[in-house]
Amino acid sequence: MVSEVFSHMCERSGVPRRPDWAEWTRTFVVPDKRTAGLRGTLTQLCCAVMEYALDEGLSAVGGVQETYFMPHHGALKWRAEPMGMAREENGEWYIVAYIEVNEAALASVRKILGIEESLLVRRGAQVSFIDVPGIRAECDVSESF
């Protein structure tokens, strides 16, 4: 979606084109579950996404997101790298940013949640996110994590 619709928001680093970076652009928590603070549903969802990304060998997740997610990433002690400046679209502010995937990021969110076990449940046959493990394509991003 970033390359097709939001490439104009990647003026700082260029449009990411890496097989080990995944777009994560749809996050929604119902209103009555939003007030649980840092240990709530949103943080649990973030933890599961980080677990998945690590399991799949990804090095970053992200994409276009509302700017209010950036302080949440910071509170989780996650490194989120903006690809460009935030822009207003239809009265909301958005930014393209990618979060570094690593064990420290997972450990941080698990510590906040007070858990040690995975939240991720896999059922049935799984298809790898990256087709060929260990092989990374060249990208046109001037800076990577």
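The legends below describe close-up views of a predicted model.

**Figure 1. The protein chain has four helices and five strands.**
Along the sequence, these elements follow the pattern α-β-α-β-α-β-β-β-α. The chain has 145 residues, and 39% of them are buried. Among contacts with a separation of 6 or more, 79% are between residues 24 or more positions apart. The views that follow show some of the residues and elements one at a time.

**Figure 2. Helices α2 and α4 pack with their axes 10 Å apart.**
Helix α2 covers residues 41-55, and helix α4 covers residues 103-113. The angle between them is about 150°. An angle over 145 degrees counts as roughly antiparallel, so α2 is roughly antiparallel to α4. The crossing of the two helices is left-handed. On the α2 side, the contact is made by Thr43, Gln44, Cys47, Met50, Glu51 and Leu54. On the α4 side, it is made by Glu103, Ala105, Leu106, Val109, Arg110, Ile112 and Leu113.

**Figure 3. Trp21 and Tyr98 form a tilted aromatic pair.**
The count of aromatic pairs in the model is two, and the pair of Trp21 and Tyr98 is one of them. Trp21 lies in strand β1, residues 21-23, and Tyr98 lies in strand β5, so the pair ties together parts that are 77 residues apart in sequence. Both Trp21 and Tyr98 are buried.

**Figure 4. Gln65 is a buried residue in strand β2.**
Strand β2 runs over residues 60-66. The relative accessibility of Gln65 is 8%; because buried means under 20%, Gln65 counts as buried. The side chain of Gln65 reaches two backbone oxygens. The backbone oxygen of Gly63 lies 3.3 Å from a polar atom of this side chain, and the backbone oxygen of Ala97 is reached at 3.2 Å. Leaving out residues up to four places away in sequence, Gln65 touches Met70, His73, Trp93, Tyr94, Ile95 and Ala97.

**Figure 5. Cys10 is a buried residue in a loop.**
The loop lies between α1 (2-5) and β1. Cys10 has 5% relative accessibility, so with a limit of 20% for buried residues, Cys10 counts as buried. Cys10 and Met83 are 73 residues apart along the chain, and their C-alpha atoms are separated by 4.6 Å. Apart from residues up to four places away in sequence, Cys10 touches Val2, Val15, Pro16, Met83, Gly84 and Val96.

**Figure 6. Gly57 is a partly exposed residue in the loop between α2 and β2.**
The relative accessible area of Gly57 is 38%. That value falls between the limit of 20% for buried residues and the limit of 50% for exposed ones, so Gly57 is partly exposed. The C-alpha atoms of Gly57 and Ile130 are separated by 7.5 Å, while the two residues are 73 residues apart along the chain. With residues up to four places away in sequence left out, Gly57 touches Asp20 and Ile130.

**Figure 7. Lys77 and Asn90 are residues other than glycine with a positive phi.**
Most residues other than glycine have a negative phi. Phi of Lys77 is near 65°, and phi of Asn90 is near 55°. Lys77 sits in the loop between α3 (69-75) and β3 (80-82). Asn90 sits in the loop between β4 (87-89) and β5 (92-100). Lys77 has a relative accessible area of 67%, and Asn90 has 82% relative accessibility. Exposed means over 50%, so Lys77 is exposed and Asn90 counts as exposed.

Terms used
Residues are numbered from 1 along each chain as its sequence is written. This is a predicted model: local features need pLDDT of at least 70, side-chain atom pairs count only at pLDDT 80 or more; totals for chains, interfaces and linings use all residues. Side-chain values use heavy atoms; hydrogens and water are left out. Buried means under 20% relative accessible area, exposed over 50%, partly exposed in between (1.4 Å probe, protein chains only). Rings of Phe, Tyr and Trp (its six-membered ring) pair if their centres lie within 6.5 Å; planes under 30 degrees apart count as stacked, over 60 as edge-to-face and the rest as tilted. Contact means heavy atoms within 4.5 Å. Axes are lines fitted to C-alpha atoms, for helices over the stretch in contact, and angles run from 0 to 180 degrees between N-to-C directions. Angles under 35 degrees count as roughly parallel, over 145 as roughly antiparallel, 65 to 115 as roughly perpendicular and the rest as oblique. A crossing is left-handed if the near helix is turned anticlockwise from the far one by less than a right angle, and right-handed if clockwise. A polar contact is a pair of N or O atoms within 3.5 Å; within protein, one must be able to donate a hydrogen and the other to accept it, and residues adjacent in sequence count only if both atoms are side-chain atoms.
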